[in-house]
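Welcome to this short tour! Open your viewer, switch to a cartoon view and follow along one stop at a time.

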Amino acid sequence: MRNLRTQTARKRAVDLLNRIAVAEPDEIDLDLLAWHAGRFRIQDSSLKNALGRLVRGRDGGTIRVSSSIHNAGRRRFTIAHEIGHGVLHAPGTPWDSARELSTWDGSSIEAEANRFAAELLMPGFLFVPRVVGCRPELGVVDGLADEFGTSNLAAARQFIDCTREPAALVVCRHDDGEWKAWCQRGTNFPYRVR
């Protein structure tokens, strides 16, 4: 079920990109995509407990993005995530905080919206040709993040999903007085990671 929902989220993102005939990363115009997705407008907002929020109305809706997001790639990912909610989910989805935007595994609506956002910003038909034969190195990931206008973390996750090289991504952070870590293994990574 999880794989089917992930595939559906990615397909819906590609369908939206095809609707406006995207052929290069610099043609991924989020304002235009939001409009085509559901007549959504994008607005900076002083959200307190969220990074993004989709507010729907009769004639479309508004994607509110926290003005506290200073990283352009992170801002674009948040917008793409909210477009994903608009395309994939019924009205009434919860506010998206940093925690929800870091949920990638499982079949939750947040994981689906993240997979949609990754495919919308870094579609496989453009991303995969750029990673074939590339070693899994931070410089490569940084270049991809710049080219596709997304965060380094999102580019690293997409790289791990798309590469045939043995690779894994391990992220650690200090949160609320304790260290937390998670790992994403590529399909060809030969070691078990806890």
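**Stop 1: the whole chain.** Begin with everything shown. The protein chain has eight helices and five strands. Keep in mind that this is a predicted model. Now trace the chain from its N terminus: the elements run α-α-β-β-β-α-α-α-α-α-α-β-β. How much of the chain is buried? Of the 194 residues in the protein chain, 42% are buried.

**Stop 2: helix α2.** Select residues 30-38, which form helix α2. Which residues of α2 are buried? They are Leu30, Leu33 and Ala34. Turn the view to look down the axis of α2: its buried residues fall within an arc of 100 degrees, so they line one face of the helix.

Stop 3: Asp29 caps the N-terminal end of α2, with a side-chain oxygen 3.0 Å from the backbone nitrogen of Asp31. Then move to the other end, where α2 is followed by Arg39. The phi of Arg39 is positive, near 60 degrees.

**Stop 4: α2 beside α3.** Next, select residues 72-88, helix α3, and keep α2 in view. Two packed helices are described by the angle between their axes and the distance between the axes. Here the axes of α2 and α3 come within 10 Å and cross at roughly 10 degrees. Angles under 35 degrees count as roughly parallel, so α2 is roughly parallel to α3. Which residues make the contact? From α2 come Leu30, Leu33, Ala34 and Ala37, and from α3 come Arg76, Ile79, Ile83 and Val87. Colour these residues by type: seven are nonpolar, none is polar and one is charged.

**Stop 5: Arg75.** Stay on helix α3 and pick out Arg75, which lies in this helix. Leaving aside neighbours within four places in sequence, Arg75 is in contact with Ile42, Asp44, Val65 and Ile69. To finish, use the distance tool on Arg75 and Val65. These two residues are ten apart along the chain, and their C-alpha atoms are separated by 7.4 Å.

How values were computed. Residues numbered from 1 in each chain as written. Predicted model: local features only at pLDDT ≥ 70, side-chain atom pairs only at ≥ 80, totals over all residues. Heavy atoms only, no water. Axes fitted to C-alpha atoms, helices over the stretch in contact; angles between N-to-C directions. Helix = DSSP H or I, 4+ residues; strand = E, 2+ residues; numbered from the N terminus. Parallel < 35°, antiparallel > 145°, perpendicular 65-115°, else oblique. Contact = heavy atoms within 4.5 Å. Nonpolar A, V, L, I, M, F, W, Y, C, P; charged D, E, K, R; others polar. Buried < 20%, exposed > 50% of the residue type's maximum accessible area, 1.4 Å probe, protein only. Arc of directions from axis to C-beta. Polar contact = N/O pair within 3.5 Å; in protein donor to acceptor, adjacent residues only side chain to side chain.
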